[in-house]
Amino acid sequence: MSQLRPALFAVALTLAIATPAQAATGPTITVEDGRTQPVFSYADAIREHVYVESTVDSDADGALDRVRVDIIRPKESGPALKVPVIIDESPYYDNSGRGNEGERKEYDAAGNVVKFPLFYDNYFVPRGYAVLNVDMIGTTKSDGCPDIGGKADVLGGKAVIDWLNGRAKAYRADGTPAVADWTTGKAAMIGKSYDGTLANAVAATGVEGLKTIVPISAISSWYKYQRSNGVIYNYDYASWLAGYIDTDPAEKCAHVRDRMDAEDGDDTGNYNRFWAERDYIKGLLGDASKVKASVFVVHTVNDLNVKPDNFSAWWKALADRNVPRKIWVGQTQHVDPFDFEGRRGLWVDTLHRWFDHWLLGVRNGIMNEPRADVEVAPAKWITQRDWPAPLALKVPLRPSADGTLGLKPAKRNSTASFTDVRMSENDMVADVGTDKPGRVAFTTGELPLNLRLSGTPTADLRVKLDKPTANLTALLVDFGTDTRVDWRNNQGITTLTEEDCYGESTAEDDACYRKVVTNVATRPLEIVARGWIDVQNRDSLSEAKPLPPGTYGTVKWLTLPQDYTFKKGHRIGLIVAGTDSTYTGEQGTGATVTIDLRNSSVSLPFVLGSPLADVPKDATTFRGPADPALPEPEPGFHFF
């Protein structure tokens, strides 16, 4: 027996050496300098696809919808080397494409994707990640009908996370079961616009395994995307978008589009069950209180497609619940941070460290850095502890009957009146020293110093009408010639011919993209913030309450958020008008709106250190020549 023990020990030791815990042949995930290293071959990566079974039957064909998932992962990944997952779920893979260059999926003879849009696969697969491009339900190669933010949209993406963690079924094209035995189950969701919206939506369900999301220019509330306090931006938009992204024959999902038109409440503009289902801050399918993932938000303050209250309200809800988070706030329009001038390398590296930290547990210090990066001038950025600027203080500016805007309340019984008619923003802000029947205008004197606004202004008006309701528009304007980001021109960027590359390439899928620069323009004014409300929704978004004609009532609402610096020598203007034809399809009510000036104000969040008390108290109305018209934003702000 004593001789047998050494022999058994030797055999056991030999087996232990010959059969390590990680039996993968080839490289393993390697970390240096707080970052995973590109040790896996992109060219040799496994490219495959599966169909994940969801829990919904959106097209009512009697079968649960299956979600097409295209996968690229290191050749070495498998039961012995499990890797984390980066997901971009999108409805745009076979229509508008993804990214500034409109890339689409391309397939080989076996039906596997050989060109994955964007750089995520080229860059992250060599570093030990799987990248999944998921066709949203009702689009490209997935079953079902688009639900435009609703149940099918949300639960389709959730099913993919469930499959990665063994809680849902998937099948290969031949019908055999597919098991995700190559993943740790730890997943990220990333994407711009609708793609980022799906990330918000799935995170709001609280699904286990989703460790982080990176929503870029994303919706958090579809009501906010298509409404502002009862004012409708576009009619029947959900059904239009569903038709655009669905490349199946139109009749297949006509019943779903008809249902959307019947349920969207376009006849009132009210918040109802349709919008509550599509609300990820506090809605029927999930809300911010359920979010278990960390969140890296990217948005721009001049995005008049997915308007920036979508990120500011989401960000506040996450902050209230201490969700781990980070934010970049830019000044262009509907633009991906990959295309922020001079920031491409920094964006890729920051995203890299973010994913390494949250999906692989790499201790790289990213959560110890300033939480917010903010663009404060064209292609000029600062970092700060949070957003809005932590020291911002709301200061009320008050309109007076002589057209001034200052710190003191107007005289008693001072009023100003206008008529609610359809009027473009250009007309609202032009020649502010001249009376116009469709608007009233107020300005400060010349500012003696720079004043930085950071956050969300509040319009607080006391008004009476001669009809039951009116649409109100509040515009905060910077009157003063300056060179600013020209976000109206091609989203604010110009694409160059020169390229740079991030990741590895194949003949079918290169990692190179054209560089961009920020568009700038010198103009005499800039509309800084906008806000709209239907007076009958002043107390409730879900229940209209007309204001009795001839009776004063308080109408208080938030404009869209901003981060903007008013320069020394410029004037701050407040324009109050009726229906804004630039951003809504509604007609003016024709109501006469009378403002009680003494009890009205607009509160602006200025950063401390720029005391508003230094604004001249004897400010006079700007009475220069008529201002040249601003170029109108590009028509048809479609959600790509």
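User: Before we start, what counts as a polar contact here?

Analyst: A pair of N or O atoms within 3.5 Å, where one must be able to donate a hydrogen and the other to accept it. Keep in mind that this is a predicted model.

User: Okay, so what makes the pairing of Thr212 and Trp354 a polar contact?

Analyst: The two side chains come to 2.7 Å, and the cut-off is 3.5 Å, so the pair qualifies. Thr212 sits in strand β11, residues 210–216, while Trp354 is among the buried residues of α10.

User: Why is Thr212 called buried?

Analyst: Buried means under 20% relative accessible area, and Thr212 has 0%, so it counts as buried. As for its neighbours beyond four places in sequence, Thr212 touches residues including Ala187, Met189, Ser294, Trp354, Phe355 and Leu359.

User: How do you know that the length of α10 fits a helix?

Analyst: At 1.5 Å a residue, its 17 residues (344–360) should span 24 Å, and the end C-alpha atoms are 23 Å apart, which agrees. Just after α10 comes Gly361, with a positive phi of about 75 degrees.

User: Zooming out, what makes the chain as compact as a globular protein of its length?

Analyst: First, the make-up: 11 helices and 32 strands. The radius of gyration is 27 Å, close to the 26 Å from the globule rule for 640 residues, so the chain is as compact as a globular protein of that length. Also, 59% of the residues count as buried.

Notes
Residues are numbered from 1 along each chain as its sequence is written. This is a predicted model: local features need pLDDT of at least 70, side-chain atom pairs count only at pLDDT 80 or more; totals for chains, interfaces and linings use all residues. Side-chain values use heavy atoms; hydrogens and water are left out. Helices (H or I, at least four residues) and strands (E, at least two) are DSSP runs, numbered from the N terminus. The expected span of a helix is 1.5 Å times one less than its number of residues. Buried means under 20% relative accessible area, exposed over 50%, partly exposed in between (1.4 Å probe, protein chains only). Contact means heavy atoms within 4.5 Å. The radius of gyration is taken over C-alpha atoms; the globule rule is 2.2 Å times the number of residues to the power 0.38.
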